[in-house]
Amino acid sequence: MDPLRKETASDSLIAIEDQWGAHNYWPLDIVVERASGAWVYDTAGRKYLDCLSSYSALNQGHCHPRILQALLDQAKRVTLTSRAFRNDQLPLFCKELAELCRMEMVLPMNTGAEAVETAIKTARRWGYTKKGIPQDRAEIIVCQNNFHGRTTTIVGFSSEAAYREGFGPFAPGFVSIPFGDIKALKAAITPNTCAFLFEPIQCEAGILIPPAGFLREAADVCRKNNILSIADEVQTGLGRTGALFACWREDVQPDMFILGKALSGGFYPVSAVVSRADILGVFEPGSHGSTYGGNPLACAVAREALRVIQEETLTENALRLGKELLSDLRTIKNPKIREIRGCGLLIGIELTEPARPTCERLMALGLLCKETHERVIRLAPPLVISEEEVAWAAAQIKKVFK
């Protein structure tokens, strides 16, 4: 097709989306037509390096051939059985994921938000049945600037006004503390506290990293007070930070992992809560469920996605290239840059001004990223990215700050 006609087609698609789609996002005006590895192509055939990875859902890169084949093979056999019947993929998925997480039991869901809701239900029921908290009095400690999803329960304990406005009334039972403040955590604990829900690194808040040792101290405080530590690793997990799980960077094993996004390599919504048997054992038939959760197509895709992360050493790649990229970016001298922080291939460039125009200039240079919390540029390329591609990305970023 003629490039001019394709450009017109792109504009037309944007106009159709703006007319017929709800305006709950403000995307950059690129219409992606195909993708492979760390690169995407728009409808005019232009090539862009993807440094967002669909908010870390594409750790294995776009359209990974092994995961694609697993999807196709399973789709030819059976895609959905519901949990009314058993299927041949779910048992193996649960076993492999539990062993990978050094846990004992898996409860599969679909989206990250569903998994967070599942973790909340688990913690509350554990609090009543195991800890002896009076009915309907359970409390969960959360952190300010958190992002755990978009359900009404979850946005109800968010400190971000934009996530809450117009969606109340909200569920009670949540106590918020400053992120990374161990004294505040200790002070917030009451006899009714059943859990501490946290992100090891706050991604949506602007790649906020807690003080060294906080995760370890928090886990110790939870243990001593008979409180469940729940790590939301939907974005930070599965290799993104240079460790399989961000908690493991401090040798911390939480009581519960919440996983999603890269659990399917971007092919299909798959999430899970992974924990010990004495915790997830609080459920009995009928107490929780999901028609699609644990379906054979999802499980087959997730099993291969996990194998790709391990066999292609993507965690090690994130650690090595993340250090190189962070070091390279920190050589930039520009008064508009307030701070550059990161861990593995999860990096935030905080500016003194809105970040959107810089993201648009980077798009014009062929690099895709997105602003978060208005003034932070988030960089999270697929973990399959090469050393040469990382160097090219750094060069483009240097250009816009020159």
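Residues are numbered from 1 along each chain as its sequence is written, and side-chain values use heavy atoms, with hydrogens and water left out. Because the model is predicted, local features need pLDDT of at least 70 and side-chain atom pairs count only at pLDDT 80 or more, while totals for chains, interfaces and linings use all residues.

**Exercise 1.** Find which residues of the largest nonpolar core touch the most other members.

*Solution.* Begin with the term: a nonpolar core is a set of buried Ala, Val, Leu, Ile, Met, Phe, Trp, Tyr and Cys residues joined through side-chain atoms within 4.5 Å, where buried means under 20% relative accessible area and exposed over 50% (1.4 Å probe, protein chains only). A second, separate core has 29 residues, including Ile-154 and Val-282.

**Exercise 2.** Work out how the buried residues of helix 9 lie around its axis.

*Solution.* First, list the buried residues of helix 9 (residues 214-224), which are Phe-214, Leu-215, Ala-218, Ala-219, Val-221 and Cys-222. Next, because they cover an arc of only 160° (taken from the directions from the helix axis to the C-beta atoms), they lie on the same side of helix 9. Finally, turn to the other side of helix 9, where Arg-223 and Lys-224 are exposed.

Definitions and conventions. Helices (H or I, at least four residues) and strands (E, at least two) are DSSP runs, numbered from the N terminus.
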